[in-house]
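Subject: Structure handover

Hi,

Here is the structure I promised to send over. Have a look at it first, and then read on for what turned up.

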Amino acid sequence: MKNMNVGVTNILDELEISGELNLKKDLSLFSCKLNPEIEKFIREKAIDFAKQKLSITYLIVDLDNGTILGYFTLTHKSVILNGEGLSRTFQKKLTKYSRLDKDTGNYVVSAFLLAQFGKNYALEADMRINGKQMMKLVNDVLLDVQRRIGGGVLYLDCEDEPKLKNFYVEEHFKEFSDRFSSEDKRKYTQFIRFL
């Protein structure tokens, strides 16, 4: 990626500044052929989800020209982790942010959910942001939120693809389970990380 002046903007702020029609036009230019769900969400659902306060999407933009480089969507979710598969060190850290159900041995955690995470493939390769840069921006937003309201755990589901899973492991996430979606007939790997 060329040197760019990159910033993050909350989609609700952008909605107030640009208006819904202009924002939808800008979002319609976002492309992610590698993952049609990422493209569909930003084009069709992100604005409504934000207006309903179901989740908030953050646009990663080139501040010099307004181009959307990528985006991520955050919300919160209660997550259940089976204590059996977790190391003692991990369990000890987890007790700061969770409640242990002694009957089941499961930890119940209120976590930030990284619900969407994608870059804009409509741009030339040298203009695209990379995943590490995007994750740093996610962390910046979450550390600000954490300072304001607390919390300390980030959770995500990713498609059961080796390249994606390796990326999240490199970003210090720990795999803790998997799930099968009957809706889209796919297996997802579940990851968690402390902030």
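The second largest pocket holds about 320 Å³ of space. A pocket here is found on a 1 Å grid over the protein atoms alone: it is an open set of points where a 1.4 Å probe fits, with protein on both sides within 12 Å along at least five of seven lines, and lining residues have an atom within 4 Å of a point. Its volume is the space filled by probe spheres set on those points, which are joined across faces, edges and corners. The lining of this second largest pocket comes to 19 residues, and L74, T75, H76, F112 and V145 lie nearest its centre. Two or more lining residues come from each of β2 (56-62), β3, β5 and α5, and α5 gives the largest share, 4 residues. Helices (H or I, at least four residues) and strands (E, at least two) are DSSP runs, numbered from the N terminus. By class, the lining of the second largest pocket splits into 11 nonpolar, 7 polar and 1 charged residues. For those classes, Ala, Val, Leu, Ile, Met, Phe, Trp, Tyr, Cys and Pro are nonpolar, Asp, Glu, Lys and Arg are charged, and the others, Gly among them, are polar.

A word on the numbers: this is a predicted model, where local features need pLDDT of at least 70 and side-chain atom pairs count only at pLDDT 80 or more, while totals for chains, interfaces and linings use all residues. Residues are numbered from 1 along each chain as its sequence is written, and side-chain values use heavy atoms, with hydrogens and water left out.

Now the largest pocket. Its volume is about 1,500 Å³, and 42 residues line it, with N35, I38, Q116, F117 and D157 nearest the centre. Several elements each supply at least two lining residues, among them α3 (36-51), β3 (68-82), β5 (106-119) and α5 (131-149). The most comes from β5, with 7 residues. The lining of the largest pocket has 19 nonpolar, 10 polar and 13 charged residues.

On to the rings. There are 12 aromatic pairs in the structure. Rings of Phe, Tyr and Trp (its six-membered ring) pair if their centres lie within 6.5 Å; planes under 30 degrees apart are stacked, over 60 edge-to-face and the rest tilted. One of the pairs is F30 with Y71, which is edge-to-face at 5.3 Å centre to centre, with 70 degrees between the planes. F30 sits in the loop between α2 (20-27) and α3, and Y71 in strand β3, so this pair ties together parts that are 41 residues apart in sequence. F30 is buried, at 1% relative accessible area, and Y71 is buried too, at 0%. Buried means under 20% relative accessible area, exposed over 50%, and partly exposed in between (1.4 Å probe, protein chains only).

Another pair is Y97 with F194: the ring centres are 6.0 Å apart and the planes at 35 degrees, so the pair counts as tilted. Y97 lies in the loop between α4 (88-94) and β4 (98-101) and F194 in strand β8, so the pair ties together parts 97 residues apart in sequence. Y97 is partly exposed, at 28% relative accessible area, whereas F194 is buried, at 19%.

Ring pairs also link F117, F167, Y168, F173 and F191 into a cluster. And the charged end of K174 sits over the ring of F90, 5.6 Å from its centre (NZ of Lys or CZ of Arg has to be within 6 Å of the ring centre and within 35 degrees of the ring normal).

As for the whole chain, the protein has 6 helices and 8 strands, in the order β-α-α-α-β-β-α-β-β-α-β-α-β-β from the N terminus. Buried residues make up 44% of its 195 residues. The C-alpha trace spans about 55 × 35 × 35 Å along the principal axes.

K53, in the loop between α3 and β2, has a positive phi of about 60 degrees although it is not a glycine, and K53 is exposed, at 58% relative accessible area. K185, in the loop between β7 and β8, also has a positive phi, near 55 degrees, and K185 is exposed at 61%.

Cheers
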